[in-house]
Amino acid sequence: MNIAIVGTGYVGLVSGTCFAEMGVNVTCVDIDSEKVDKLRRGIIPIYEPGLDKIVRKNVESGRLRFTTSLPEVIDDVEVVFSAVGTPPDEDGSADLKYVLAVARTFGEHIKKHTILVTKSTVPVGTAAKVKAAVQAELDRRGEQIPFDVASNPEFLKEGAAIKDFMSPDRVVVGTESERARKIMSRLYKPFMLSSERMIFTDIPSAEMIKYAANSMLATRISFMNDIANLCELVGADVNMVRKGIGSDTRIGKKFLYPGCGYGGSCFPKDVKALIKTAEQKGYPMEVLRAVESVNERQKSILFHKLMKHFDDDISGKTIAMWGLAFKPETDDMREAPALVLIDHLTRCGATVKVYDPVAMNECRRRLGDKVIYCKDMYEAAVDADALLLVTEWNEFRIPSFAALKRIMTRKVLLDGRNIYDREEVTEHGFAYYKI
């Protein structure tokens, strides 16, 4: 089976590579010629564990190819996936210009029945706009070529994307025709051999499922952060509260971990977009507005704890930061709490020393020389007045507190992910603050 995927960002590259791994002939399309050239040589633009090896393997086998031109391959494929970006507009709505550009190119060049599948996260109603854009190009050409549009939202977790794609807990496909349904079933059949996990819906429902899922997960995070802050005020232990409510099978244990806020490419953008979609229909999403508000406040919580410890004066202080990415196993810093913290700290006159296992280059790209970059976690802590744990990478989980005690100027530790044991930390003479 031959398919094309337009867009070699996180979703497009992971999807294309995993389809190729299952024997599909995949051509990934991107307008960035430098990026395409690097991909052909096995140079991966993103960090995702294991992805580089699978890309190289399938490029060498000939099942995975890269090009800058959709028209040159469209005659040979049955399905075109659109996995281009949908960045938030100034008002929080999703910008569909890239999605509609793909639709127009598709309509300009198809010569036989082909399915255009939207893989990007898009607002409900986008499929109708995509279909209209394709039909407008066909009308302009004076052609009556059959085509289908479909919605196939992704549910990949950064850091575990390959596993999520190869062994999905569900595959959602919104279609309007039986023909498209059969083709999509055949494409995903290799991923369904152990059990059938495909959910076919109408297209608007498929578009809504992705937003609703991410918004629910974001809601759980903000809810627990609110509970954690209240626990601190009343003297309760949020970890005990989390275990207590997580044992309720109606609630479950996942996404109940308090922290210093969520970030990344999905939750912030999707929550904003769903709020905007509702506004356009005259409906206020009051719960999601609160979710967003709590999260923005939570990104500053370590800063406020730090300021309280130092009596609201950190000018001239050196602050070490462990973790820059919004979560472990990725170099993604989009909407990361670290960015908010660095901005607060530097505005108040502090010197910030940072270390992250994989996100250092991304931080340099974003912040330049605003911070001091260190080669390892302990170099970052040298002469520091305080240490902030922001991202819970495995290598940060069991540090040598004795070594930190020797190299830090002051013994202050702020744990933004609640990964340390208070008794162990305080035994080494540290002032310890957590969520």
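What percentage of the 435 residues of the protein chain count as buried? The share is 53%, where buried means under 20% relative accessible area, exposed over 50%, and partly exposed in between (1.4 Å probe, protein chains only).

The structure is a predicted model, in which local features need pLDDT of at least 70, side-chain atom pairs count only at pLDDT 80 or more, and totals for chains, interfaces and linings use all residues. Residues are numbered from 1 along each chain as its sequence is written, and side-chain values use heavy atoms, with hydrogens and water left out.

**Overall form**

The protein chain has 17 helices and 14 strands; these are DSSP runs numbered from the N terminus, with helices (H or I) of at least four residues and strands (E) of at least two. Its radius of gyration is 24 Å, close to the 22 Å that the globule rule gives for 435 residues, so the protein chain is as compact as a globular protein of that length. The radius is taken over C-alpha atoms, and the rule is 2.2 Å times the number of residues to the power 0.38. The C-alpha trace spans about 75 × 45 × 45 Å along its principal axes.

**Aromatic rings**

Rings of Phe, Tyr and Trp (its six-membered ring) pair if their centres lie within 6.5 Å; planes under 30 degrees apart count as stacked, over 60 as edge-to-face and the rest as tilted. The count comes to 15 aromatic pairs by this rule.

Trp 322 is buried, at 0% relative accessible area, whereas Tyr 378 is partly exposed, at 27%. Phe 401 and Tyr 420 are both buried.

One aromatic cluster is formed by Phe 19, Phe 81, Phe 165, Tyr 188 and Phe 191.

**Charges over rings**

A charge sits over a ring if NZ of Lys or CZ of Arg is within 6 Å of the ring centre and within 35 degrees of the ring normal. Arg 170 lies over the face of Phe 155, at 3.7 Å from the ring centre. Arg 364 lies over the face of Tyr 373, at 4.6 Å.

**Helix H8**

Val 234 is found in helix H8 (residues 203–234). With a relative accessible area of 59%, Val 234 is exposed.
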